Amino acid sequence: MFLLKLIFSLNNPVIIAILISLSLLGVIYVFYVHIIIPLNQKLAKEKENLELNNARMMALFARLNPEPLLRFNIDGTIILANEASNKLFEGLQIKNTNILSIFTSLKEFDIKDLIESQKTIKFSLEIKNKYYEVIAIGIRDMQFGQIYCNDFTQRKKIEDELTLSQKRLRELSYKTQKLQEEEKQKIARELHDSIGQTLTSIRLNLEVLKEGLDGNKEKLSKINDIYSLIDNATTEIREISHKLKPRILDDFGLIPSLKALCNDTSKISGIHGTFESFKLNGRLNTELETSLYRIAQEALNNIVKYSSAKEFSLQLVKHPGFLRLMIEDDGVGFDIEKIRHDPTKKDCMGLINMSERTLALNGNFNIDSRIGGGTEIIVEIPLEE
Amino acid sequence: MKKIKIVIADDHLLVRTGIISLLKDMPDIEIVGEAEDGQDAVEKAKKLKPDVVLMDISMPGVSGIEATLQIKESNPSIQILILTIYENEEYIFSSLKQGASGVLHKKVSKEELITAIKTLAAGKRYFSHSVSQMMIDSLLDKNDDNNILNSNDKIFLTKREKEVLYLIANGLSNQEIAARLEISARTVDTHKTNLMQKLNIKTTAALARYAFENNLK
């Protein structure tokens, strides 16, 4: 008995320890039930509210977006469509339909991958005479994707108009050039055939007149003066006519004409020039021959005027499917960008002319130049085999 | 003495009358006909069988050069004397190729015209001074296909092409060559494809070999 009393006595330190522990546990329990649990519940509710608000906000943003906006989940089902998109796809059931039935361009893509890898896909779409740039973006964290449709009808209209007016300008310049060529040819022929031949016949008739002079020295020297006047006029007419339209181009084609052009340019300028043609036989069509001749003429003009070159070369190389004209010089060169951006410069017109003529033949015009390091002009024209 | 029969072919009446007035008093020359274009010249030559035809080059329809060929084909004994205001070698060489025996510039004097007609009638050739000068220049011109001194087996390469070929032979890529020569890679490619086409070479390796074989390294 005593022993039991002793064990359960308050004097026993073990009992004291047990009692202290029990009361501590009590305190902890009360604290947990009345403070921790309600606090947790409150936090969870707040978090839920926050997410809900967040979602509401995002939905609101989507709805308020003046441009059409659609949201789709990982299955491709549309879970949200704003007012603008409902209007855009009027008459179509949008919500809960699959995104692919509306945007067929997306069929080649995997929707799940689009969202998981956060991809961005762009394509354009025409609806009811309006043009949209469509952007689909995957958002992994939200497990959905969004589609934005930006109306660029206005921009497209302006772009189309610009393209059209560029095309018209090109056609106009082509026609002007063609007319100019015809006009030049006409004048050249008139000069050469009409005035040139008249001068020739005057000269021949003068020969007869000379006979009747019977050695009258004074009259003979007068006649010799007239001879040289006629010869000067003939030479001048021939030169003008040649500059307008070289007869040799009509009669013998591009290769002899370029050879003559190269030789004449060398002779006049003192710049050593060479002309070579490779794998090209026979005649080309008149338009092509005239254009290539004019391009070469323009290029050589520039070389003589601006390049201070010591040498130039002119090459015509036939490749399978195309013809390449290449004009090289070792002169001072120039900054292409500078000239391109300053169309007021006179030499810019020459470049534009060359490139327009090339474009009119569906060709490629390319120029490569550097200050102090010469210039290469490359013209490539497609040829039917 | 038998008179030399001639036909004058020129589309310009004034020129024909000019020539006629020069020749009409010559006792040994007889103008048997006039032609106003190439076709006419061919027909008149066939019908009138002249010894010499004075032929203009540029005439409407059949040119003087074509007419020369046709006349020589049907009657080789008729001599063709080209009278022209063109002094370009193309005109002269191609009329010679078609069978003309002489070329005169229209700036000709009466004496020279008569000499030329007589020379041709005797079966020889005649060229006025400026024409023969031009022909010789062309034969000696090193850039000319007609050149007789140049053996044409060596293909002409431009300065830039030689540079590009040299760098190809040294194993540089298009990009490296472009950087070295300060030209665009596209231009390098243009030179390369031109070189291949000119030299009948299909690969870059073969281009490099060509450079070595021709001491361009």
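In the predicted model, chain A is divided into four parts, namely domain 1 (13–58), domain 2 (65–151), domain 3 (174–245) and domain 4 (250–385). The C-alpha centres of domain 2 of chain A and domain 3 of chain A are separated by 79 Å.

Two helix pairs of chain A were examined. In one of them, the axes of helix α6 (residues 153–211) of chain A and helix α7 (residues 217–244) of chain A come within 9 Å and cross at roughly 165°. Because angles over 145 degrees count as roughly antiparallel, α6(A) is roughly antiparallel to α7(A). The crossing of α6(A) and α7(A) is left-handed. By class, 16 nonpolar, 4 polar and 4 charged residues make up the contact of α6(A) with α7(A).

The other pair consists of helix α9 (residues 254–269) of chain A and helix α10 (residues 286–307) of chain A, whose axes come within 10 Å and cross at roughly 15°. This angle falls under 35 degrees, so α9(A) is roughly parallel to α10(A). The crossing of α9(A) and α10(A) is right-handed. On the side of α9(A), the contact is made by L254(A), S257(A), L258(A), L261(A), T265(A) and S269(A). The residues contributed by α10(A) are E289(A), L292(A), Y293(A), A296(A), Q297(A), L300(A) and V304(A). Sorted by class, the contact of α9(A) with α10(A) has 8 nonpolar residues, 4 polar residues and 1 charged residue.

Between the chains, 37 residues of chain A are in contact with 31 residues of chain B. Helix α6 (residues 153–211) of chain A supplies 10 residues, the largest share of the side of chain A that touches chain B. The class composition of this side of chain A is 11 nonpolar, 12 polar and 14 charged residues.

Chain B contains 10 helices and 6 strands. The C-alpha trace of chain B spans about 80 × 30 × 30 Å along its principal axes. The radius of gyration of chain B is 26 Å, whereas a compact globule of 217 residues would have a value near 17 Å.

Methods:
Residues are numbered from 1 along each chain as its sequence is written. Chains are lettered from A and ligands numbered from 1 in the order in which they are written. This is a predicted model: local features need pLDDT of at least 70, side-chain atom pairs count only at pLDDT 80 or more; totals for chains, interfaces and linings use all residues. Axes are lines fitted to C-alpha atoms, for helices over the stretch in contact, and angles run from 0 to 180 degrees between N-to-C directions. Helices (H or I, at least four residues) and strands (E, at least two) are DSSP runs, numbered from the N terminus. Angles under 35 degrees count as roughly parallel, over 145 as roughly antiparallel, 65 to 115 as roughly perpendicular and the rest as oblique. A crossing is left-handed if the near helix is turned anticlockwise from the far one by less than a right angle, and right-handed if clockwise. Two residues are in contact if their C-beta atoms, placed from the backbone, lie within 7 Å. Ala, Val, Leu, Ile, Met, Phe, Trp, Tyr, Cys and Pro count as nonpolar, Asp, Glu, Lys and Arg as charged, and the others, Gly among them, as polar. Domain bounds come from an automatic or database domain assignment. The radius of gyration is taken over C-alpha atoms; the globule rule is 2.2 Å times the number of residues to the power 0.38.
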